[in-house]
Amino acid sequence: MSPSETEPPAGELPVVAPQLRALRRRASLTLEAAARDAGLSPAHLSRLETGQRQPSLPMLLSLARTYGTTVSELLGEAAPGRDAVVRATDMEPTAAGGWTYWQAGAPGRGMQALRVRVPHGSQGDIVRVHPGEEWLYVLKGRLRLRLGDSLHRLGPGDSAHFDSLTPHRIAAVDPDGVDLLFVHTLLQSPTATLCLGPTHGEEP
């Protein structure tokens, strides 16, 4: 991911900041090394850690891979263990970078599932080249998906399954935004074991 470093929408709460510095230190990464691996500038990562900026979902995915963890841990979510079933009542909404999403799967698995709401006009970030696969399914609204040089419009019931090595951009077409299911693999990297849980002292 080459995450965009744009400003978040006004009024967004600093829900991510408390976790970022602790997870970076747990991974034994300097600010400069973590920023480089995540495709950010050190100054921007510092602003994320102090709550002056909020990351988008693509940025969170990049940071999660860098720190060998999941988006849910970056957000400090206490999701249930490895239960096979995740109840709707247990899915707490979380906001970051203008997007709202709900953890739809248990941590510690080989893939991560999220229910995502993308508002109209939010920044669609270009995703950098990284190993793995991503799959999305449009629940409500219309989605504009750019995969490399190709542009696709998806409506309710449409899905896309693509290699994460392909740069991609997601944006809502309609003023009411778009709701989708989003699944990405965590086990395609040579350092895949880092994605299964906390691993101290190793650099992805």
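## Strands S2 and S3

Strand S2 (residues 99–103) and S3 are joined by four bridges and run antiparallel. Strands here, like helices, are DSSP runs numbered from the N terminus (E, at least two residues, for strands; H or I, at least four, for helices), and two strands pair if DSSP finds at least two bridges between them. Within this pairing, Thr100 stands opposite Arg117 in S3.

A word on the model before we go on: it is predicted, so local features need pLDDT of at least 70 and side-chain atom pairs count only at pLDDT 80 or more, while totals for chains, interfaces and linings use all residues. Residues are numbered from 1 along each chain as its sequence is written, and side-chain values use heavy atoms, with hydrogens and water left out.

## The six-stranded sheet

S2 and S3 belong to an open sheet of six strands in the order S1-S2-S3-S9-S4-S7, with antiparallel pairing. Its edge strands, S1 (94–96) and S7 (159–163), each pair on one side only. On average, neighbouring strands are turned by 25 degrees against each other, direction ignored; the axes behind such angles are lines fitted to C-alpha atoms (for helices over the stretch in contact), and angles run from 0 to 180 degrees between N-to-C directions.

Let's walk along the sheet. Strand S3 (residues 111–118) is joined to S9 by eight bridges, antiparallel; here Val116 has Leu180 as its bridge partner, and Val118 stands opposite Val178. Six bridges link strand S4 (residues 133–140) to S9, again antiparallel, with Tyr137 partnered by Leu181. S4 also pairs with S7 over five bridges in the antiparallel sense, where Glu134 stands opposite Phe162.

Is strand S9 enclosed or open to the outside? Seven of the eight residues of S9 (residues 178–185) are buried, so the strand is largely enclosed by the rest of the structure. Buried means under 20% relative accessible area, exposed over 50%, and partly exposed in between (1.4 Å probe, protein chains only).

## The nonpolar core

The largest nonpolar core has 41 residues, and Leu45, Leu63, Tyr67, Tyr101, Val116 and Leu136 touch the most other members. Such a core is a set of buried Ala, Val, Leu, Ile, Met, Phe, Trp, Tyr and Cys residues joined through side-chain atoms within 4.5 Å. Helix H4 (residues 57–67) gives the most to this core, with seven residues. At least three residues come from each of domain 1 (13–73) and domain 2 (86–183), with bounds taken from an automatic or database domain assignment.

The buried residues of H1 are Ala17, Leu20, Leu23, Arg24 and Arg26. They pack against H2, helix H3 (42–49), H4 and helix H5 (71–74).

Ser28 lies in the loop between helix H1 (17–26) and helix H2 (31–38). Its phi is positive, about 60 degrees, although Ser28 is not a glycine. Most residues other than glycine have a negative phi.

## One aromatic pair

The structure holds one aromatic pair. The ring centres of Trp135 and Tyr137 are 6.1 Å apart and the planes lie at 20 degrees, so the pair is stacked. Rings of Phe, Tyr and Trp (its six-membered ring) pair if their centres lie within 6.5 Å; planes under 30 degrees apart count as stacked, over 60 as edge-to-face and the rest as tilted.

Trp135 is partly exposed, at 29% relative accessible area, and Tyr137 is also partly exposed, at 30%.

Technical notes: Contact means heavy atoms within 4.5 Å.
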